Amino acid sequence: MATEKKGVRLEHISKIYQDQKTGKDFYAVQDANITIAPGEFVTLLGPSGCGKTTILRMIAGFESPDEGKIFLGDEQIDELTPNKRDTAMVFQSYALLPHYNIFDNVAYGLKLRKMDKNVIREKVLHILSLVGLEGMEERMTNQLSGGQQQRVALARALVIEPSVLLFDEPLSNLDAKLRVDMRNEIRRIQQEAGITAIYVTHDQSEAMALSDNIIIMKKGVVDQVGDPQTVYYHPADEFVADFIGESNFLHATIADKLDSETALCRFEGHEFEASGCSHLDKGKECCIVLRPESARLADEGTLACEVVLSRFMGHYQNYHVMVGDTLIKITDFNPRTHKIYNVGDHAFVDFTKDEVHVL
Amino acid sequence: MAKSQSARLERKKLLGDPILITTIVVLIAFLTLFILYPLAILMVDSVVSDNGISFDVFTRILALPSFDRAITNTLRVGFAVGILSALIGLLFAYVEVYVKLRTKFMTGLFRVVSMLPVVSPPFVLSLSMIMMFGKKGLITRGLLGIFDNNIYGFWGIFIVQTMSFFPVCYMMLKGLLKNIDPSLEEAARDMGASRWKVFTSVTLPLILPGLGNAFLVSFIESIADFANPMIIGGSYDTLATTIYLQITGAYDKQGAAAMAVVLLSITLLMFVVQKFVLEAKSTSTLSGKATRARMLITDNSVRIPLTILCALVALFVIGMYLCVPYGSFVRSWGSNYELTTKWFEQVFTKYHGLQAFSDSFMLSLIAAPITALLSMIISYLVVKRRFRGRGFIEAVSMLAMAVPGTVLGVGYIRGFSSGVMHTGFLQGLYGTGLILIIVFVVRSLPTGTRSGISALRQIDKSIEESAYDMGADSFTVFMTVTLPLIKDSFLSGLVTAFVRSITAISAVILLVTPEFLLITVQINEFAGKGSYGMACAFATILIVITYGSVLLMNWAIKHFGTSRALKEE
C-alpha cells in the first residue's frame, strides 16, 4: 500500500478529568512522553482506568490534551478535528454503520475523499479479500458474526490508508478462541500493510502477541516502555511484574556483593546468588521477582519449603509452597516426566541466579 | 490543574467546523428570540411602567375577584385531574402489563385509547361532553329525560381533561411497570405475600415516584389547557381563559401579562419539581431491565373486574370521540337526529371552509418539517456534542414544555406587536403567517426534541465517532449517520409536529389575524355560538386529516423506517 509511514510523538501529554462523585479534578493521563516509530506496532497496556484509552482518543482527536503536544510525523495535530487527522480507529464496539451494507461501510471513508467510483470499488474489494470477507459486500452488518464485524471495522480503517491505525480494545467483545485467531490476523495484516499501529488493551497476552513495543500504564502514568521480552524479564517495578504474567515477590536483603553485577541475597534465613544487582549496595533491601515457571521443585536446591497445594492442571502441575512465611507459586510444565510432590511434602525451590530479576 | 489548554483546543476544533458553529449560533439566537425573550418581556412588562419599577399591576390583578377565582378554579381542577388521570393511567398500565387479556378486542381497545390523544384536536371531548350530557344531551335528555343538566363548570372540565390526559399517564406508567424485574414480585410472592400485598408492598412503592410524575404532568397539562375550559367552562374561568378574556375582552394587555407571569410561575415550579425530583427518582429506582417475561395474571377474580373496568372506561372515551363525527351528520342535535350533510356543505359554501383548511394545512405543513429537523439537530447537539452553550440549548428547549400556550401567545403579543423590546425591530413579523409558523414550531419543539434525545441516547457514541474519524465533518456525520439512524424518530416527529400544529389553539388564537382562517379557531367560534353541527363538521374533517397523517406516518415508518432495515435478517 502506498501509505507514507509516519511515527507518532507525544510530548508531556496530560489530561485532566473531573471525578463524578467528589467533583475533584484528577490526572487521567499525566506527563506522558511516548515516541512511536513509523511502521511500529505499539500496545498501550494497563488495567481499566489507567488512561490508555484516553491517550488513544487524544491521538484520534476525540479528546483534547490539557498539557503537551501531539505530533503525527512532524506535524503537530492537537488543533485538528478528528476528521482532519490522518488516523483511523477500530472501535471496541466495532461501530459499523448499521444502515449501510458491508461494501458501503468500507467505502464510506473513500466516498468522503471523493474518489472515482471504480477506484473505490477496486480498493474495497481488495481490502475485503485481505481481511477474508470476499463475497460478503451485500450483507448488512447485523448479518455478520462478531468476528466478521471486527474484520469489517478493520477493513474500513485500513482502506483509507491512514498514517496510523488506532485500536481501542477491538477484541474484547469476542470469545476467547476467536480472540486468539483475530489477534494473529491483525498482526499479519498490519505487517502486510506496513502501517503504524497503536493498540489499547488490558489483556497482557494480547499485548505480548501483537506488539513490537509495549507501553505499560498505571494510574495515568507511563510506567515502562519496552519490547515483550524486556517487560517480561526485566519489569520496572512490582506493578509491571504482577500485571504481565504471574510473579513471586521475594523480599530480601543484600548480604554481600560478589562482584558489580552479582550479589548474595538473604531471604527467610536462606542465602542465594542473584545477578542484575548493580544498582544495589550491601545491606540494602530489595524485591526479587521469581516467575512461577522459572522455579523448580526438587529434592535439593536453594530454598527449603513445604508444599501446601499441588494440583494437576493438564499441561502443568500447579504448586503452592511455603518458604518461611512467604508463599511461592511454582508452575511445573509437562509434569508427566517429573516427580510429583504432594501436600505436606518437604522439598526445595530451585533456580539459578539468572532466572530472577531484582528490583 | 488547569484545563485551559483543552478548552482552547476544543474551541479551535469547533471553529474548524463552520457549519456546526453557524448552526449553534443560529439555534441559540432562535431559542433566545422566540422562547426566552417573549417570557422575559412578560416579566419586565408586568413590573415596569411609565413611572418606574412597581408591582402595581400585580396588586391590581390580585385585587380582581375574577383573578382570585381563576387561580382557585385552576388549581382545584388541576389537582383533581392530576390525581384521577394518574389513577386511571395506572389502572390501564397495570392491566396491560400484568393481566392476561384474552381477546384481541381488548388489546385493540388499549391501542386505540393510547393513540386517541395524539390524533384528537383538543376540544373534541368538550364538544361531545356537551352533546352527550348537556341540556340537549343525547344521554341526559334523550335517555334519562333530564332537561336542566348543567355540565358547564368544574365537573365538565374535570371529566373532559381527565379523559384527555390519562392516556399520557398510562403510556408513562406502562414504561415503568415493564421495567420492574418480575423476580422482585415473585420473591415477595414466594415469601408468602398475597397478590394485593405484593402490589402494595413491592409494585406500588417502586412506581410511586413515577405516579407522582404522572400526576404532575397531567396537572401541568390541565392548568395550561385553554380549549376545554373555553368551551365547557361556562362561567367557571381558569387562568388560561381569564388571560385570554383580559386581552380580547378588557383590552388590558399589561394585566394579561402579569396574569401570564403568575400562570407561568405555577407551571414552571411544577415542571422543575417534575423534571429534577420525580423524573430522576422514578428512573433511578427502575433502571434495571426486566430479566425475563412476567407471568401474567390469569386468575379470573382479578382479571375479570379489572378488564371490565378498563373496557368501560375505554368504551366511554371512544364513544365520546365518535359522538363528534356523528353530530356532524345530524340535522339538529337534541331534537332532530335525522341524518344530513348540510353542515359539511355549509362548511365549504358559507363559511370559507376551504380557505380555513388550506390556511391551517399550509401553515402546519411548513412548520412540521422545520420543527422535526430543528428538534433532531437540537437532540444531536445535546446528546453527541460538547460545547459551551449546550446546556443553554437543552434547558431552553425543555423549558418550552412548561410554557402554557396562552402565556406564549401573550408573550408574543407583548414582545413583537411593537417590535423587539418595543423598538420596532422585527415588527413586520407580527400579524403575519410567519409568526404563526414560529409559534407552531416552538410549541412542538419540546416533544420532538425529547423523542430525538431518547432515540439518540440509544445509539452507541462510537458509531458517529467512527464516521468522524473516517474523515466526515459534523454536517456529513449528521446527514449520513445520525439522521438515517433516527429516521423513525424524525418521521414521527414530523407527523406529531404537523398534528400538534393543525390542532393548536391556545397560543395562535391570540395571534391570528383575520387574514388567516384557522380550523381550530373556527371550531372554537362555532362551539361558542352553540352551533354544534358546524363545530362538529369542522372537527370531523380535522380528525380525518390528523388520523390520516398518523396512518401515513405508520406506513412510512414501516416502509422507509430504520427499524425495518435494521431488523431485517
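Helices (H or I, at least four residues) and strands (E, at least two) are DSSP runs, numbered from the N terminus. This is a predicted model, in which local features need pLDDT of at least 70 and side-chain atom pairs count only at pLDDT 80 or more, while totals for chains, interfaces and linings use all residues. Residues are numbered from 1 along each chain as its sequence is written, and chains are lettered from A and ligands numbered from 1 in the order in which they are written.

**Backbone of chain A**

- Tyr94(A), which lies in the loop between strand E6 (87-90) and helix H2 (102-112) of chain A, has a positive phi near 70 degrees although it is not glycine.
- Tyr94(A) is buried, with 24 other C-beta atoms within 10 Å, where buried means 20 or more such atoms, exposed 12 or fewer, and partly exposed in between, with C-beta atoms placed from the backbone.
- Asn334(A), in the loop between strand E18 (326-333) and strand E19 (346-350) of chain A, also is not a glycine and has a positive phi of about 50 degrees.
- Asn334(A) counts as exposed, with 9 C-beta neighbours inside 10 Å.
- Most residues other than glycine have a negative phi.

**Where the chains meet**

- In chain B, 32 residues are in contact with 30 residues of chain A, contact meaning that the C-beta atoms of two residues, placed from the backbone, lie within 7 Å.
- On the side of chain B that touches chain A, helix H1 (4-15), helix H20 (461-470), helix H21 (474-485) and helix H26 (562-567) of chain B each supply at least two residues, and H20(B) gives the most, with 8 residues.
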